[in-house]
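Please brief me on this two-chain model. Keep it short, and group the points by topic.

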Amino acid sequence: MRFKEWLGGAKQRLMTNIANRTFKKNPGLLDRLAIRFLRSSIGEVPHDPELDHPEN
Amino acid sequence: MASAKPTNNKNTYSVCTICDIGCQLRAETEDGKLKRMIAHDNPALARNVCYKGTAAAHVHNHVDRLTRPLKRVGERGEDKWEEISYEQAMDEIAERLKKVVDQYGPESMAVSTSGWNTQTTHSMDRRFMNALGTPNYISGVSLCAGNTAAVNKMTYGWFPFADISNSKCIVLFGHNPRKHSWTPIFNMINAARANGAKVIVLDPRVSDQAEVADLHLSLRSGTDAAMCLGWLNVIINEELYDKDFVAEYTVGFDELCERVNDYPLERVAEITGVDAELIAESARMYATAESACIPWTPITDMQISSTSAIRLQSILRALTGNIDIPGGDVFGGFDPNYIPESKLGNHEMLSAEQKAKQLGSDTHPAYTYRAQEMLSEHTERVYGYAYADIVMGCYMANPSATFRAMATEKPYPVKAFFVLGNNALMSYPNQHQILKGMMNQDLIVAHEIFMTPTAMLADYVLPGDVFSERNHISDYWNWKLGLTVSQKAVEPPAEASSTFQFWHDLAHRMGFADLFPWQTIEDILDHRLSPTGKTFEQFSNENYMYIQPPEYRKYRKTGFATPSGKVELKSSVLGELGFDPLPYYREGPAVSEDYPYYVFTGVREDAFFQTGQRQVKVLRDRMPSPKLFMHPVDAERQGIIDHDWVKLQTETGEVTAKVLVQTSMKQGHIRVPHGWWYPEMRGEAKLAGAFISSDAVLCPDDPEYLDYEQGIPHFKGFPGRIVKLNEPPAGMSEQVLAG
């Protein structure tokens, strides 16, 4: 259990570091790799028509 | 119709403040005007958007936006105004405030605000108040999250944020995150569920979350504390708790066991109306999960046993070993990259004598200075600074006591009321008392983006800015560790400005200039980011978000920020204040032959946040009129069918609304939506219909209706009755009548 918890924590720190790379405005090489990793694991989010409003 | 792709090249990110969640969206501008607000381009954030957020352009560009300062020219509440310059308004406000303070003392000024709405105050309100000498700050967070933060601190020193995404068991006490309300929480729950998490929902109603839950406990409204005691009974007596953690890190376990044994499952089943075996099964599911969390819920915040129920949720987290672990409830602490509002507020400046005058602290001290300062040295020991104003909720006056003082001038007069981004008239219990209090003021100043019923009662109304019109960095009010950039996309209209500017300008007129050296929002952002060595411009050019990598079980090094240094199952703070140091269940007011239904209010609807947005057509079209929910059996007994108009009456007031008959409702319960008024009735109905459908008239705030420790009203389960109307109410628009 303790090892599993340690592993869970280490995974969270790693995922947070990867996420922070994807939050950069001017991504470098490693940041772009992180973005590619994110897109491959989450995929593109399709547009949701429920979010649309008529224009004024 | 809007499409997903932006049509300009400007990559501007904004933190949406249409509601309190703070999703980061993208702003698209055209010719200096906000054109659209659209979903994020980062796939990890792209689902965190609802239709309120994408309606931001309709809100921000609305023709009814206030753009010039207004001064009252008619009787108070008559809604007659003249436009004046910002400089004149601020000069006159300062002059009149000085007179009030000279005559009645600094504590005669009270401030009501909602940090959710105003966002960029940077605690300049508290800084001003502490410099002036008034402790009388009230906020909607006294009923929602802020009070929970204060009560959580009593048990283990901080207010944890649930790590929902990584959890294996999620417990929702009445909370109903859905696609267009609390959207990121909804997405986290879905992610966890996809990863095998179980979800337990405790809600009188078969809510959206209850429909898909692994277990749904349809408890009687307002009985959360009893349910938690039932869970503890199972967890302790079946030895499902984390024995090592309890032995090493808690105090008061034996006394807690004695108290829990007062609540055998049969008794809890009788109180809550839930089968004993289902209570036991759900307790086992929670306690034996690999990791489990109980996310904050606004429902537990608003009950007559609120303090005990919040503490019991904290105790459940601790006993099951789920605090500060992945997938559990995680302590943040102060963000090392950003100076917290807790520091900017300068709470140490206010004298002990003035703090002692904080309204309500003598009778209901839990979230006032009186109780929270008992934790100060321990907070400093663990977190490095004595004042932790988490979710802005830890050093507040009690709203009911404040409005009573405004109305009756007891225990002392409150004669100047400043209300910012907060429709106070309709946001606290006992709306009639609030009106009485406001009518007895020498000075009322409102800072708003639209004219509201509260603003109509003011002497001065200052036009506020909105999130697309200012720079900001959101830090989640110290609840979780992360910084989210919000960039100014367009200029505010005419003389609209921020609450930061308001307090800065008032402070300079009141002789506190040396305490307010930051001239602009960017100046204060630079100051707050100084631990990073970057300016706002540098930080926001590099990142649009930064999350502090998590650390777990930090208490092993520091202990807990409580007097004992441990998790206080038996609260020394509550004991010292003269309250029961152990959690308990207290029955709310009983239904009767005259008032046979349990009414629960304060319910959020997808289209709106609190009392806002009723004037925004694209949102109002989705929710044209207020609707009560009733069970079909109750409706049939009353001779009511769908869309009938009714009056819901309590001993305190009545609400006019339509009825939706729903099998998802629990029998004997009536659900009332929060915050309804009718902007379209401005000039025709008193205060734009603020007394027609507002749930704030229903719940009394007499002592027997208040939680002992916090003074929280019992919004979840007070007696009421339904009277069918034969005709629709007069004066309603066609949209309301048809919708």
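Two strands count as paired if DSSP finds at least two bridges between them. Helices (H or I, at least four residues) and strands (E, at least two) are DSSP runs, numbered from the N terminus. The model is predicted: local features need pLDDT of at least 70, side-chain atom pairs count only at pLDDT 80 or more, and totals for chains, interfaces and linings use all residues. Residues are numbered from 1 along each chain as its sequence is written, while chains are lettered from A and ligands numbered from 1 in the order in which they are written.

**Antiparallel sheet in chain B**

- Strands E1, E2 and E3 of chain B form an open sheet in the order E1-E2-E3, with antiparallel pairing.
- The edge strands are E1 (12-15) and E3 (33-38) of chain B, and each pairs on one side only.
- From one strand to the next, the twist averages 45 degrees. Axes here are lines fitted to C-alpha atoms (for helices, over the stretch in contact), and angles run from 0 to 180 degrees between N-to-C directions.
- E1(B) is joined to strand E2 (residues 24-30) of chain B by four bridges, and the two run antiparallel.
- B:Tyr13 has B:Arg26 in E2(B) as its bridge partner.

**Parallel sheet in chain B**

- Another open sheet has three strands in the order E9-E10-E11 (chain B), and its pairing is parallel.
- E9 (169-173) and E11 (215-217) of chain B are at the edges with a single partner strand each, so one side of each has no neighbour in the sheet.
- Neighbouring strands of this sheet are turned by 10 degrees against each other on average, direction ignored.
- Five bridges link E9(B) with strand E10 (residues 198-202) of chain B in parallel.
- B:Cys169 has B:Lys198 in E10(B) as its bridge partner.

**Strand E16 and its partners**

- Strand E16 (residues 460-463) of chain B points B:Tyr460 and B:Leu462 one way and B:Val461 and B:Pro463 the other way, and all are buried. Buried means that 20 or more other C-beta atoms lie within 10 Å of the residue's own; exposed means 12 or fewer, and partly exposed is in between, with C-beta atoms placed from the backbone.
- Strand E4 (residues 70-72) of chain B pairs with E16(B) in the antiparallel sense over two bridges. Here B:Leu70 stands opposite B:Val461.
- Strand E15 (residues 443-448) of chain B pairs with E16(B) in the parallel sense over four bridges. Here B:His447 stands opposite B:Leu462.

**Covered helix H5**

- Helix H5 (residues 146-156) of chain B is mostly covered, with 11 of its 11 residues buried.
- The buried residues of H5(B) include B:Gly146, B:Met154 and B:Tyr156.
- Their cover includes strand E7 (137-139), helix H13 (306-319), helix H16 (369-372), strand E20 (567-568) and helix H24 (572-576) of chain B. Contact requires C-beta atoms, placed from the backbone, within 7 Å.
- Just after H5(B), B:Gly157 has a positive phi of about 90 degrees.

- The peptide bond from B:Lys410 to B:Pro411 is cis, with omega near 5 degrees. B:Pro411 is in the loop between helix H18 (399-408) and strand E14 (416-420) of chain B.
- B:Asp324 is not a glycine, yet its phi is positive, near 60 degrees. B:Asp324 is in the loop between H13 and strand E13 (329-330) of chain B.
- B:Asp324 counts as buried because it has 24 C-beta neighbours inside 10 Å.
- B:Ala688, also not a glycine, has a positive phi of about 50 degrees. B:Ala688 is in the loop between strand E25 (669-673) and strand E26 (716-724) of chain B.
- B:Ala688 is buried because 22 other C-beta atoms lie within 10 Å.

**Chain A and the interface**

- Chain A has two helices and zero strands.
- The radius of gyration of chain A is 17 Å, but a compact globule of 56 residues would have one near 10 Å. The radius is taken over C-alpha atoms, and the globule rule is 2.2 Å times the number of residues to the power 0.38.
- The C-alpha trace of chain A spans about 55 × 30 × 20 Å along its principal axes.
- Of the 56 residues of chain A, 11% count as buried.
- The contact takes 30 residues from chain B and 26 residues from chain A.
- On the side of chain B that touches chain A, helix H22 (536-542) and strand E19 (545-547) of chain B each supply at least two residues. The largest share, three residues, comes from E19(B).
- That side of chain B divides into 20 nonpolar, eight polar and two charged residues. Nonpolar covers Ala, Val, Leu, Ile, Met, Phe, Trp, Tyr, Cys and Pro; charged covers Asp, Glu, Lys and Arg; the others, Gly among them, count as polar.

How values were computed:
Two residues are in contact if their C-beta atoms, placed from the backbone, lie within 7 Å.
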